[in-house]
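Student: I would like to go through the terms used for this model. Could we set each one against its cut-offs?

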Amino acid sequence: MARTKSWRRRAGGVELEPLRVAVIGAGYWGPNLIRNFEACPVADLRTVCDLDIERARRVLGRHTTVAATTSLDEVLADDEIEAVAVATPARTHLEIVLAALDAGKHVLVEKPLAASVAEGRKLVEAAAARDLVLMCDHTYCFTPAVARIRELVHAGELGEIQWVDSVRINLGLVQTDVDVLWDLAPHDLSILEFILPEGREPLAVAAHGADPIGAGRSCVGYLTLPLRHGAIAHVHVNWLSPTKIRTTVIGGSKRTLVWDDLNPTQRISIYDRGVDLTEANVTGELRREALVSYRMGDMLAPALHEGEALQQVVTEFATAVREGRAPLTDGQAGLRVLRILEAASESLGWGGTMVPLGAWK
Ligand SMILES: NC(=O)c1ccc[n+]([C@@H]2O[C@H](COP(=O)([O-])OP(=O)(O)OC[C@H]3O[C@@H](n4cnc5c(N)ncnc54)[C@H](O)[C@@H]3O)[C@@H](O)[C@H]2O)c1
């Protein structure tokens, strides 16, 4: 018998009925969703579904009232369950998410939204046609650091964004079904699309990859993304690096921001330093020297609260359903990331050719 959170809790000052949810998939990532739904005041975890019943039971532990099942059909036929969170491999998202939407359930689906743009579009259209919430778990967008970066960029604190350099490398699990771009770059791309203001979106993508260990797919990947107004973004993802680096640098016309996600005491540093070009009425060599000037101002490290991003994700999902609004990272956001990934694969196949992305929003 599933436990019932029959009480109401406050979320953002408003009383909300906890959302009755099931988690589908209890492999590597599913247990994180399960733990966070269990701790979420506006969610009521009823069922965990995995093809491997022992896995589902093990995650829940012996002292639980949450049901475990191997049957997705059983979950979807349960009228008490209002929503599902899908943490199964990307190749299964289309079938599972469509079935859930058909059964009238709201869906939180892990990144990437689906295995292709065509599949992702089907999910977005199905959710819209049924007036159901479809949220894609772009976890990093819910970290305090990324939330602050977005605020700073949108408030114009960095000035016009000129360049972004994102590095996500470590000794990673070499996946059997996807390359390093599809495995790790969704994080960087979802962050990019979340923080960039309208008008700075990527126009195209060129991808380069290497498979020096003979894994059968790229283990090292580089994406170059020209942005509007002459700006550029670069993403480096790598499963083969013995040292772990998670750093994003965002250069603006006023300030440059460095986000080092592995430095909990100073994740964000904002430098009032950069290079300016000044107008000068001189010619030749003298002109070049006169035009370039260096700003050497202060560095500021804003205080950030610490908090688990996934708790924000599940709370945003439940709250969006209850408030009948689109979540912060909706199906469209998932689709935008898929468009870049698919174009990147195309570029990789052509040896790194720049592939245009077309209309962004
Ligand atoms: N947000 C993040 O930071 C993050 C991190 C890691 C993985 N992920 C995403 O989470 C998803 C799952 O990845 P994972 O590494 O946990 O995979 P996994 O292979 O470890 O686990 C998947 C689980 O789903 C179960 N499953 C598969 N098909 C099912 C079905 N039809 N019904 C019920 N259960 C089924 C499997 O038995 C398995 O236990 C992927 O989309 C991945 O990209 C997200």
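Tutor: Start with α7 and α10, where Leu181, Trp182, Ala185, Pro186, Leu189, Ser190 and Glu193 in α7 meet Ala333, Arg336, Val337, Leu338, Ile340, Leu341, Glu342, Ser345 and Leu348 in α10. Contact means heavy atoms within 4.5 Å. By class, this contact has eleven nonpolar, two polar and three charged residues. Ala, Val, Leu, Ile, Met, Phe, Trp, Tyr, Cys and Pro count as nonpolar, Asp, Glu, Lys and Arg as charged, and the others, Gly among them, as polar.

The model is predicted: local features need pLDDT of at least 70, side-chain atom pairs count only at pLDDT 80 or more, and totals for chains, interfaces and linings use all residues. Residues are numbered from 1 along each chain as its sequence is written, and side-chain values use heavy atoms, with hydrogens and water left out.

Student: Why are α7 and α10 called oblique to each other?

Tutor: Helix α7 (residues 180-195) and helix α10 (residues 331-349) pack at about 130 degrees, with axes 9 Å apart. Angles run from 0 to 180 degrees between N-to-C directions. Under 35 degrees counts as roughly parallel, over 145 as roughly antiparallel, 65 to 115 as roughly perpendicular, and the rest as oblique. The two helices are therefore oblique.

Student: What makes α4 and α5 roughly parallel?

Tutor: The axes of α4 (residues 93-102) and α5 (residues 117-129) cross at roughly 5 degrees and come within 10 Å. The pair is therefore roughly parallel. His93, Leu94, Val97, Leu98 and Leu101 in α4 meet Glu119, Lys122, Leu123, Ala126 and Ala127 in α5.

Student: What is the peptide bond from lysine 111 to proline 112, cis or trans?

Tutor: That bond is cis, with omega near -15 degrees. Proline 112 sits in the loop between β7 (106-110) and α5. Most peptide bonds are trans.

Key:
Helices (H or I, at least four residues) and strands (E, at least two) are DSSP runs, numbered from the N terminus.
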